[in-house]
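Please keep the sequence and the model open while reading.

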Amino acid sequence: MKVFDILKQKALSCEQSIVFPEGNDLRVLEAVCRLKSERMVNPILLGDVDEIKKLALQNHLNLADIRIINPLTYNQIDEMIDALVKRRNGKNTAQEAAEMLKHGSYFGTMLVYLHKAAGMVSGAAHSTADTVRPALQIIKTLPGMSRVSGAMIMERETEKYIFSDCAINIDPDAQTLAEIAYQSYLTAKMIGLDPKVAMLSFSTKGSAKGPMIDKVIQATKIVHENHPEVKIDGELQFDAAFVANVAAKKAPNSEVAGKANVFVFPELQSGNIGYKIAQRLGNFTAVGPVLQGLAAPINDLSRGCSANDVYLAGILTAVQAIEAKK
């Protein structure tokens, strides 16, 4: 079953409230109307109400029963300012908080923080930093986590894999790498995989030496100690992690080698290059990045996204919200 067929089944009729800060973007409007009509998501749009309704009318879109909030005229803004000042613990004055909340990404993040929405999808018209910064400042990370990471769901016909980190951490240390591995394990479970996590390197089981390898070995040990339920092994070269007959030679005693479906790269450039090679040369569909490790689901879009990309991100975010409540 395709990844989004699985996610749609989970999201259907649960109708999690997901906020979309870029309400005056036609791609977003098309996506939220579809999400609402299919009962996948209960969308909240941010922006000027009249402008959004005019754009919808011009494009024959039905916004009935879709809530629209203008952050500039929100009737509970004083309470939101107070909550933001308190959350920022003195780092911002009330005046500064009021200015921050004029921006849809901050306003939408606060709706999630105040449990007025279950998650947020942004980035159609904003940079990744504009989406991630408010999330880190306000939502922050899950208990026990100190970092956020970005996973790509890689899909080709019946094949499904997780590649991470492909978006956030440039040169993670062992502790961060261990967190990325556990976060990726949870994402794999969400899309119906039985996770087998490979900690990738240019070495397999001592075939080379060096601090880059030591980091991967230490990260694997941390996951074993903190999350013994996770099937994980490292350090493994990609062929040893993925190809059974190579694994039999290089890592014969591993329960992961040759069977891995979650691949944790040792640093960002490897992960980013790796997923793009699989996408362009291997004809895999790359879904993401899925932001992992936040205390509530916030997901980022590419500014070149399509309406369908927004639609899929809304479903993904809704399922993350459902999983977080379990």
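**A loop residue, a strand and a helix**

Glutamate 15 is found in the loop between α1 (3-11) and β1 (16-20); helices (H or I, at least four residues) and strands (E, at least two) are DSSP runs, numbered from the N terminus. The model is predicted, and local features need pLDDT of at least 70, side-chain atom pairs count only at pLDDT 80 or more, while totals for chains, interfaces and linings use all residues. Residues are numbered from 1 along each chain as its sequence is written, and side-chain values use heavy atoms, with hydrogens and water left out.

Glutamate 15 counts as partly exposed because its relative accessibility is 25%; buried means under 20% relative accessible area, exposed over 50%, and partly exposed in between (1.4 Å probe, protein chains only). Leaving aside neighbours within four places in sequence, glutamate 15 is in contact (heavy atoms within 4.5 Å) with Lys36, Arg39, Met40, Val41 and Asn42. Its C-alpha atom is separated by 9.9 Å from that of alanine 118, 103 residues apart along the chain.

Next comes strand β7 (residues 196-200), where five of five residues are buried. In a regular strand the side chains alternate between the two faces of the sheet. Here Lys196, Ala198 and Leu200 point one way, and Val197 and Met199 the other way.

Strand β7 runs parallel to β8 (residues 231-236), joined by four bridges; two strands pair if DSSP finds at least two bridges between them. Leucine 200 has leucine 236 as its bridge partner in β8. Between these strands the chain passes through helix α9 (residues 211-226), and this β-α-β crossover is right-handed, that is, with the strands pointing away from the viewer, the path from the first strand over the helix to the second runs clockwise. β7 also pairs in the parallel sense with β9 (residues 262-264), over three bridges, and valine 197 stands opposite valine 262 in β9.

Which residues of α12 are buried? They are Leu268, Gly271, Gly274, Tyr275 and Ala278. They cover an arc of only 140° around the axis (taken from the directions from the helix axis to the C-beta atoms), which puts them on the same side of α12. An α-helix has 3.6 residues a turn, so residues three or four places apart point the same way. What covers the buried residues of α12 includes β5 (149-156), β6 (159-164) and β10 (285-292). On the other side of α12, Gln269, Arg280 and Leu281 are exposed. Just after α12, asparagine 283 takes a positive phi of about 60°.
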